[in-house]
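This report describes a protein chain for a reader who is new to structural terms. Please keep the sequence and the structure in view while reading.

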Amino acid sequence: MVEHLATRAIIFLSYAALAFGNRGYNDQDAIETILTKDGDRYKCVNINQQPSLHHPLLINHKIQMEPSSYPTDLHNGSLSAVNNSLAELPAISCPIGTIPILQDIKGGTINILSFHTKEFDERAEVAGAKTKDDIYGTSVSINVYEPKVKEKTEDISTSFAVLLNGQNHSHLEGIGAGSIVWPSFRGDRYARFHISWKDRTHSGHAQCYDHECPGFVQVGKIGLGGRISPVSIYNGPQYEMNVLLFKDPKSKDWWLASGNTLIGYWPSQLFTNLKDKAISAFWGGQVGGPTVQENFPEMGSGHLASEGFGKAAFVRDIKIVDGNNKYVKPDIHKSFSASSKTTCYSVDSFGQGESGLHVYYGGPGGCNS
C-alpha cells in the first residue's frame with residue numbers, strides 16, 4: 001500500500017521535462033508590469049493572449065470566466081475556514097481583462113526548461129493521505145511551512161493536493177496545486193504557490209507547472225509562482241491555505257480555487273482519462289530532485305508527525321466531490337495514510353472528523369538511506 005501511494009504521487013509531482021515551453025507569448029502582449037514587495041516581477045497580459053490558448057487542443061477555445069455551478073458548500077462559503085489563520089496567496093493588481101504571468105529576474109518569461117529538465121525520479125519520497133474512489137473534486141486546508149531545501153540543487157519539498165486518473169505510468173493524467181519550496185526556481189527558500197498537471201499530450205512522465213507550457217486557463221489575479229505569506233512557525237503561529245479542485249458538471253472543465261477566489265481551470269479537452277473523473281487523490285508532502293537521496297530535505301515543518309499540532313505539518317478538512325456535485329467526507333475504508341520513507345518522514349493521527357480526513361506528516365530529512 002505504501003508503495004502504491006508513493007508511486008502514483010511521485011509520478012505526478014516529481015521532476016519532468018516540460019512538453020511545450022511558453023509558445024506564443026512575448027513581451028509585446030504585456031499591458032503593465034508589477035513589482036511585488038518580494039521582488040517578483042509580473043507582467044499583466046491580456047486574458048485572451050495568455051499562453052494556455054496556444055495549446056494545440058485549445059486553438060478555438062472560448063474562455064469561461066466562472067463555472068456553470070459550484071459543488072454544494074463552496075458557493076455559500078462554508079468551506080472558507082474563517083476560524084483559521086489563513087496564509088495569503090500572492091494577489092497581483094493587474095488591470096481588468098488581464099492576468100499576471102511571473103517573469104524571471106532579468107525580466108523575461110521564466111523557462112523551467114533552462115534548469116529543470118529532469119525525467120521522473122523514483123528516488124523521490126512522499127508522506128500523507130490517499131483515497132481511491134470516483135472523485136469529481138476535493139477541498140483541503142494545507143498547513144504552510146518553509147521546509148529547508150539544499151541550495152544550488154533542483155530539489156524540492158512540496159505540500160500539495162493532487163487528483164489522478166490513469167491505469168499505468170504512461171497514461172497517467174493529473175492536476176494539483178499547493179506550496180513548493182524550490183530554491184532553483186527563484187533563488188530563494190520561500191514557500192511559493194504552484195500548480196502542476198499532466199495532460200494527454202504529454203508523453204511518458206512529462207508534466208507542466210504554472211504558465212511554463214500552455215494548458216491552464218487563468219481567470220483570476222493570483223500570481224502563480226508567487227510567495228505565500230505568512231507561513232507557520234514551529235511551536236508558534238500556524239497558517240493554512242485552502243485548495244479547491246472541482247469539475248464543472250456541464251463543461252467538464254477542472255476548476256481551481258482558494259477559498260472563494262477562482263484562479264482558473266484546465267479545459268476538459270486536455271484530458272482523456274481525467275476528462276470524466278479522478279479515481280484517486282493525494283494530500284500531503286513530497287520531496288524530490290536529483291540529489292534528494294544524498295541529502296534528504298525537510299518535509300512539512302521539518303519535524304516528525306508525532307509532534308502534533310503547532311509542531312508538525314498537517315492537511316485537514318479533506319473532502320471530495322461526489323457524482324452529485326456535493327462535498328462529502330472520503331470513505332475511510334478506501335483511504336489510508338503512509339510514508340514511502342519511514343526512516344526520514346512519518347505520518348500520524350490519520351482519521352476522519354466532522355470536517356473530513358486529517359493527517360500529520362513530515363520529517364527532518366537528513367536521514368540515512
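The secondary structure of the protein chain comprises 2 helices and 19 strands. Here helices (H or I, at least four residues) and strands (E, at least two) are DSSP runs, numbered from the N terminus. The model is predicted: local features need pLDDT of at least 70 and side-chain atom pairs count only at pLDDT 80 or more, while totals for chains, interfaces and linings use all residues. Residues are numbered from 1 along each chain as its sequence is written, and side-chain values use heavy atoms, with hydrogens and water left out.

**The chain as a whole**

Of the 369 residues of the protein chain, 60% count as buried. Buried means under 20% relative accessible area, exposed means over 50%, and partly exposed lies in between (1.4 Å probe, protein chains only). The accessible surface of the chain comes to about 14,100 Å², and 47% of this surface belongs to carbon and sulfur atoms. Such areas come from the Shrake-Rupley method with a 1.4 Å probe; for residues, only the protein chains shown count as cover. Contact means heavy atoms within 4.5 Å. Among contacts between residues at least 6 apart in sequence, 76% join residues at least 24 apart.

Three strands form an open sheet in the order 1-2-3, with antiparallel pairing. Two strands pair if DSSP finds at least two bridges between them. Strand 1 (30-35) and strand 3 (98-102) stand at the edges with a single partner strand each, so one side of each has no neighbour in the sheet. Strand 2 (residues 41-46) pairs with strand 3 in the antiparallel sense over 5 bridges. The bridge partner of V45 in strand 3 is I99.

**The nonpolar core and two buried residues**

A nonpolar core is a set of buried Ala, Val, Leu, Ile, Met, Phe, Trp, Tyr and Cys residues joined through side-chain atoms within 4.5 Å. The largest one holds 54 residues, and those that touch the most other members are I175, F193, I195, V243, L256, W266 and W283. Beyond four places in sequence, the contacts of L256 include F193, I195, V243 and W266.

A161 is located in strand 6 (residues 156-165) and is buried, with a relative accessible area of 0%. Beyond its neighbours within four places in sequence, A161 is in contact with residues including I175, V243 and W283. A161 and I195 are 34 residues apart in sequence, and their C-alpha atoms are 9.6 Å apart in space.

T131 belongs to strand 4 (residues 125-135). Its relative accessibility is 1%, and T131 therefore counts as buried. The side chains of T131 and S335 are joined by a polar contact of 2.7 Å. A polar contact is a pair of N or O atoms within 3.5 Å; within protein, one must be able to donate a hydrogen and the other to accept it, and residues adjacent in sequence count only if both atoms are side-chain atoms.

**Backbone features in loops**

Most residues other than glycine have a negative phi, and most peptide bonds are trans.

The peptide bond from S229 to P230 is cis, with omega near -5°. P230 lies in the loop between strand 10 (217-218) and strand 11 (240-247).
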